[in-house]
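Welcome, and please open your viewer. We will walk through this structure one selection at a time.

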Amino acid sequence: MKTASVPDYPIHPLLADRWSPRAFDDRPVETDKLNTLFEAARWAASSFNAQPWYFVVAQRSQTEDFERLASLLNTGNRSWAEQAPVLIAAIARLDFPHKGRHNRHAWHDLGLAIGNLSVQATALDLYLHQMAGFNADTAAEQLGIPDGHAAATMIALGYLGDPATLSDTLRAREEAPRSRKTIDEFVFQGRWNAKRDAQ
Ligand SMILES: Cc1cc2nc3c(=O)[nH]c(=O)nc-3n(C[C@H](O)[C@H](O)[C@H](O)COP(=O)(O)O)c2cc1C
């Protein structure tokens with residue numbers, strides 16, 4: 001795995017500038033910006049245009065709803081994520097509305113929608129930190145998620161904060177260099193694991 005702060009090949013700044021912070025500013029996220037983020041999610045591609053993504057969102061000022069979302073997080077994530085001004089649960093519908101057939105691309109398409117949302121966030125100086133560390137069963141119960149749907153991640157969202165507000169351990173993670181596989185480790189020529197032609 002490679003440690004890098006700049007990409008090996010040029011990519012768009014909206015992609016290069018995205019990262020997952022733990023320190024968020026207190027500043028609330030404006031409602032029109034939140035709407036723009038969900039609008040970006042709305043225009044993602046999806047298998048059979050099923051649009052299997054759903055979001056349950058709360059701003060910190062919406063105390064009861066925010067607390068309900070925060071309470072789903074595991075202790076480690078909660079310690080920093082509840083300082084964010086917005087929490088979101090990202091939910092996939094696992095079957096197609098027509099015929100009720102299993103949608104095996106539901107998670108994929110929810111990921112595409114969150115990808116759109118995260119690029120749009122970067123364009124607005126907003127950052128998200130996605131989290132698998134939460135209790136999905138309790139989420140189903142507490143958020144009233146219907147059968148056939150499942151919470152995939154929770155997301156902390158907001159403007160960048162000061163890493164000095166974090167514990168020493170979290171600050172070290174916040175400031176650690178980012179690591180990535182090289183392209184050659186995950187892109188193959190014609191068959192699995194075959195090295196790509198150089199040209
Ligand atoms: C599906 C998913 C689940 C994640 N779960 C957690 C989590 O529970 N806690 C956490 O601190 N970060 C979590 N992350 C953030 C990743 O650790 C982070 O994206 C990765 O280290 C790459 O760093 P970057 O986003 O800053 O490029 C998650 C990210 C994704 C996409």
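Start by selecting Ala92 and Ala150: the bridge partner of Ala92 in β5 is Ala150. Residues are numbered from 1 along each chain as its sequence is written. You are looking at a predicted model, where local features need pLDDT of at least 70, side-chain atom pairs count only at pLDDT 80 or more, and totals for chains, interfaces and linings use all residues. Strands here are DSSP runs of E with at least two residues, and helices are runs of H or I with at least four, numbered from the N terminus.

Next, show β3 and β5 whole; eight bridges join these antiparallel strands. Two strands pair if DSSP finds at least two bridges between them.

Now colour the open sheet, whose four strands follow the order β2-β3-β5-β4 with antiparallel pairing. β2 (53-59) and β4 (126-131) are at the edges with a single partner strand each, so one side of each has no neighbour in the sheet.

Stay with β3 (86-93). Which of its residues are buried? Eight of the eight are, so the rest of the structure largely encloses β3; buried means that 20 or more other C-beta atoms, placed from the backbone, lie within 10 Å of a residue's own. One side carries Val86, Ile88, Ala90 and Ala92, the other Leu87, Ala89, Ile91 and Arg93.

β2 and β3 pair over seven bridges.

Six bridges join β4 to β5 (residues 149-159).

Key. Contact = placed C-beta atoms within 7 Å. Axes fitted to C-alpha atoms, helices over the stretch in contact; angles between N-to-C directions. Buried ≥ 20, exposed ≤ 12 C-beta atoms within 10 Å, placed from the backbone.
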